[in-house]
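Visitor: I would like to go through this model and ask what stands behind the labels. Please set each value against its cut-off.

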Amino acid sequence: MTKTYLKNFIIYLSDYLSFALFLSTVFFVLYFLLFDTSYLASYGVFENELILGIVCAASSIEICGLFLGYNYFKLNKMIYFSQVETSINLSILSRFIYLRIISGLIRIISLLLFFSPFLLSLSGIAMLTENGISENVFYVLFGGCVCLFVVSALSYFVFIQKLTFLNYDFVKTPYMSFKMLIKLSDENSDGNLFQLFKLKIRNLPKKVISLLIFPAIYYLPLCLYDVYDYIYEKENPYPHKVNTEKTVVFYFEPVKGI
């Protein structure tokens, strides 16, 4: 049982660790090649164009490899915790990266749409303040602006739960067209976004407890299992087929004449 918890925990952290390695590599490559070149210059890297080209090429290949590795671990984590049997190849990995780009665009556009009323109200308060308004009116408008921010944030975070359904549908059917995947996720998430959001909120205390590290081995993977189990139940309300039809046979004894 301990081995299972440890495996779940390692897979849960795999994409975070690979992403940290990717970011740190990008940082150090840019830092030593662009901002502080003294270290590489001490080895004569910038004096020879061939050596500089090899270093740049090797750095680019390493960054691309780490980026693919990060997405591989991310996809493998989704497959593992969703308990869907899907093998990963280069084609599926490429489609997954493209899907993540689409998901990122959806997040950005949704963020602008949901927070646009708050930003407009904030800019309106700033304009009124420049022209001069009473203190009481300012407090009322500012309070309304804060309420609008809370509503916008809540609406945004509820809406982007749709992307969780989108990722789950991709894991199940990785070769389905992206248009059909988005349509399928819309159908599956209809009426379930707020419930999924509440589930993640209820799991927050467990994640806070997991700051103690040792409980994280159990709680963090469990929280992710809860999310995918919820999606599975909503997509399969009757996962087990029950045969309720029974054949009823009536036997009648022949009526004898009196």
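Guide: Ala, Val, Leu, Ile, Met, Phe, Trp, Tyr, Cys and Pro count as nonpolar, Asp, Glu, Lys and Arg as charged, and the others, Gly among them, as polar. By these classes, the lining of the largest pocket has 13 nonpolar, six polar and seven charged residues. Note that the model is predicted.

Visitor: Which residues lie nearest the centre of the largest pocket?

Guide: Lys 74, Arg 107, Thr 164, Asn 167 and Lys 200 do, out of 26 lining residues. The elements that each give two or more residues to this lining include helix H1 (2-35), helix H3 (49-82) and helix H4 (90-131). The volume of the pocket is about 820 Å³.

Visitor: What makes the contact of Lys 74 with Asp 15 a salt bridge?

Guide: The cut-off is 4 Å between a side-chain nitrogen of Lys or Arg and a carboxyl oxygen of Asp or Glu. The closest N and O atoms of Lys 74 and Asp 15 are 3.4 Å apart, and the pair therefore counts as a salt bridge. Lys 74 is in helix H3 and Asp 15 in helix H1, 59 residues apart.

Visitor: Why is Asp 15 called buried, and why is Lys 74 called partly exposed?

Guide: Buried means under 20% relative accessible area, exposed means over 50%, and partly exposed is in between. Asp 15 has 1% relative accessibility, so Asp 15 is buried. Lys 74 has 22%, so Lys 74 is partly exposed.

Visitor: What joins Asp 15, Lys 74 and Lys 77 into one network?

Guide: Asp 15 also forms a salt bridge with Lys 77, at 3.3 Å from N to O. Asp 15 in helix H1 and Lys 77 in helix H3 are 62 residues apart, and both are buried. Salt bridges that share partners join the three residues.

Visitor: How do you know that Asp 186 and Lys 162 form a salt bridge?

Guide: Their N to O distance is 3.2 Å, and the limit is 4 Å, so the pair qualifies. Asp 186 lies in helix H7 (residues 178-189) and Lys 162 in helix H6, so the pair ties together parts that are 24 residues apart in sequence. At 33% relative accessibility Asp 186 is partly exposed, whereas Lys 162, at 18%, is buried. The structure holds four salt bridges.

Visitor: Why is Glu 85 called exposed?

Guide: Its relative accessible area is 83%, and exposed means over 50%, so Glu 85 is exposed. Glu 85 lies in the loop between H3 and H4.

Conventions:
Residues are numbered from 1 along each chain as its sequence is written. This is a predicted model: local features need pLDDT of at least 70, side-chain atom pairs count only at pLDDT 80 or more; totals for chains, interfaces and linings use all residues. Side-chain values use heavy atoms; hydrogens and water are left out. On a 1 Å grid over the protein atoms alone, a cavity is a set of points where a 1.4 Å probe fits but cannot get out, and a pocket is an open set with protein on both sides within 12 Å along at least five of seven lines; lining residues have an atom within 4 Å of a point. Grid points are joined across faces, edges and corners, and a volume is the space filled by probe spheres set on the points. Helices (H or I, at least four residues) and strands (E, at least two) are DSSP runs, numbered from the N terminus. Buried means under 20% relative accessible area, exposed over 50%, partly exposed in between (1.4 Å probe, protein chains only).
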